[in-house]
Each structure stands twice: as C-alpha cells, then as structure tokens.
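Follow the covalent link and the charged pairs in this chain. Keep the structure in view while reading.

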Amino acid sequence: QVQLVESGGGLVQAGGSLRLSCAASGRDFSSYAMGWFRQAPGKEREFVARISRSGGNTVYADSVKGRFTISRDNAQNTVYLQMNGLKPEDTAVYYCARKSGSGGSYDYWGQGTQVTVSS
C-alpha cells in the first residue's frame, strides 16, 4: 500500500553536502510524521531526525544537530534531509520511515540509500 523510495545518496568528501529525498506513495501523506534513520555496517540502526505532519516540529539526534535539516513538502508527498558539513562517521545507509503513531514506532520503511563520506 505505502511505498517509500529514497534517493540522493552518493559519495562525498568530508565537509561536503548532500540532499536526500524520500518520495511517498499512498494515502494521506500529510497525516503522518516522518523520520530519517541510518545504519552503518556492524552498528545498530539509529535515529537521525523526524518531522511532524505539518513540518512545524522537528527533532534531531545530537550527532547531526546543527548540520542536518529535515523538511517536507506535503504537496509533493516528499520528505527531505539536507546534510551539510558531512563527516566520515556519517557514512551509512539512510532510510526514511513513516511514523505509525504517538508510541514512537514506524510502520513503513524505504529500501535505503547509501551515503559515503570520504576523509
């Protein structure tokens, strides 16, 4: 029913920038908060950022605060992650996900897009 497709990943040098996009299909995109997560090899999947339904509230992991910006365009059913000042430790597969409700869980996930930051 709901499909999430990430794009925009790639190889970038430390200090560079990337903008990730997540295109959503399905009903009532604007009714759901959305999040970005990442997972590096051998590590647990970690929370990166989330945004409320209207875009008025955002939350960031401490590790990316001040460098990353999450946003959304409900008219285009798309959520974005602007990544500035990238560091090698940001290297991971990045996933977007739909928040299922107030309990903190996510019910739909994209396939992920690889971000690699070289030294």
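The link of Cys 22 and Cys 96 is right-handed, with 55° about the S-S bond. The two cysteines form a disulfide, and their sulfur atoms lie 1.9 Å apart. A disulfide here is a pair of cysteine sulfur atoms within 2.5 Å. The count by this rule comes to one disulfide. The pair links distant parts of the chain, 74 residues apart. Cys 22 sits in strand S3 (residues 18-25), and Cys 96 sits in strand S9 (residues 92-99). Strands (E, at least two residues) are DSSP runs, numbered from the N terminus. Both Cys 22 and Cys 96 are buried. Buried means under 20% relative accessible area, exposed means over 50%, and partly exposed lies in between (1.4 Å probe, protein chains only).

The model is predicted: local features need pLDDT of at least 70, side-chain atom pairs count only at pLDDT 80 or more, and totals for chains, interfaces and linings use all residues. Residues are numbered from 1 along each chain as its sequence is written, and side-chain values use heavy atoms, with hydrogens and water left out.

Now the charged pairs. A salt bridge is a side-chain nitrogen of Lys or Arg within 4 Å of a carboxyl oxygen of Asp or Glu. By this rule there are six salt bridges.

Take Arg 67 and Asp 90. Their side chains meet in a salt bridge, 2.8 Å from N to O. Arg 67 lies in the loop between strand S6 (58-60) and strand S7 (68-73), while Asp 90 lies in the loop between strand S8 (78-83) and S9, so the pair ties together parts that are 23 residues apart in sequence. Both Arg 67 and Asp 90 are buried. The two also belong to a network: salt bridges link Arg 38, Glu 46, Arg 67 and Asp 90.

Arg 98 pairs with Asp 107. The closest N and O atoms of this salt bridge are 2.7 Å apart. Arg 98 is buried, because its relative accessible area is 10%. Asp 107 has 32% relative accessibility, so Asp 107 counts as partly exposed.

Arg 27 and Asp 28 form another salt bridge, with the closest N and O atoms 3.8 Å apart. Is Arg 27 buried or exposed? Arg 27 counts as exposed, because its relative accessibility is 62%. Asp 28 has a relative accessible area of 42%, so Asp 28 is partly exposed.

Notes:
Helix = DSSP H or I, 4+ residues; strand = E, 2+ residues; numbered from the N terminus.
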